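Please look over the model shown below before reading the report on its helix packing.

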Amino acid sequence: MHLRLRLRPRCARERPRPRQRSSVCPAERGQALLIAAGAIVILVGTAGLAIDVGIARTQLRSAQNAADAAAVSGADDLPGGSPATAITDATCAAAFNGYVDR
């Protein structure tokens, strides 16, 4: 029994099939993981920024509401009362809303 090694195909029909190449080059393997990790970092950062901006706007609105309440409370005393009474009432209204004059 003789074993014959064929080094070259004899005709065009006997050519070996080319190896199927993967759609991803070997140098590009693992890039999906890096892109996903980067996207997660960006999403978490964006969520954190949105939360910080929301808290800042809430605090600003609360301070504006306290200032408006203090102004209205002080303005109520001005037509017939003294300015000292208006200042005292405005300070008390601001303190009631959590803003103390320091």
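Predicted model: local features only at pLDDT ≥ 70, side-chain atom pairs only at ≥ 80, totals over all residues.

Residues are numbered from 1 along each chain as its sequence is written, and side-chain values use heavy atoms, with hydrogens and water left out.

The protein chain has two helices and zero strands, where helices (H or I, at least four residues) and strands (E, at least two) are DSSP runs numbered from the N terminus. Of its 102 residues, 8% are buried, meaning under 20% relative accessible area with a 1.4 Å probe, protein chains only.

The axes of helix 1 and helix 2, which are lines fitted to C-alpha atoms over the stretch in contact, with angles running from 0 to 180 degrees between N-to-C directions, come within 7 Å and cross at roughly 155°. Helix 1 is therefore roughly antiparallel to helix 2, a term for angles over 145 degrees.

| Helix | Residues |
|---|---|
| helix 1 | 31-77 |
| helix 2 | 83-96 |

Gly-74 lies in helix 1 and is buried, with a relative accessible area of 7%. Beyond its neighbours within four places in sequence, Gly-74 is in contact (heavy atoms within 4.5 Å) with Ala-86 and Ala-90. The C-alpha atoms of Gly-74 and Ala-90 are separated by 4.6 Å, although these residues are 16 residues apart along the chain.

Technical notes: Parallel < 35°, antiparallel > 145°, perpendicular 65-115°, else oblique. Buried < 20%, exposed > 50% of the residue type's maximum accessible area, 1.4 Å probe, protein only.
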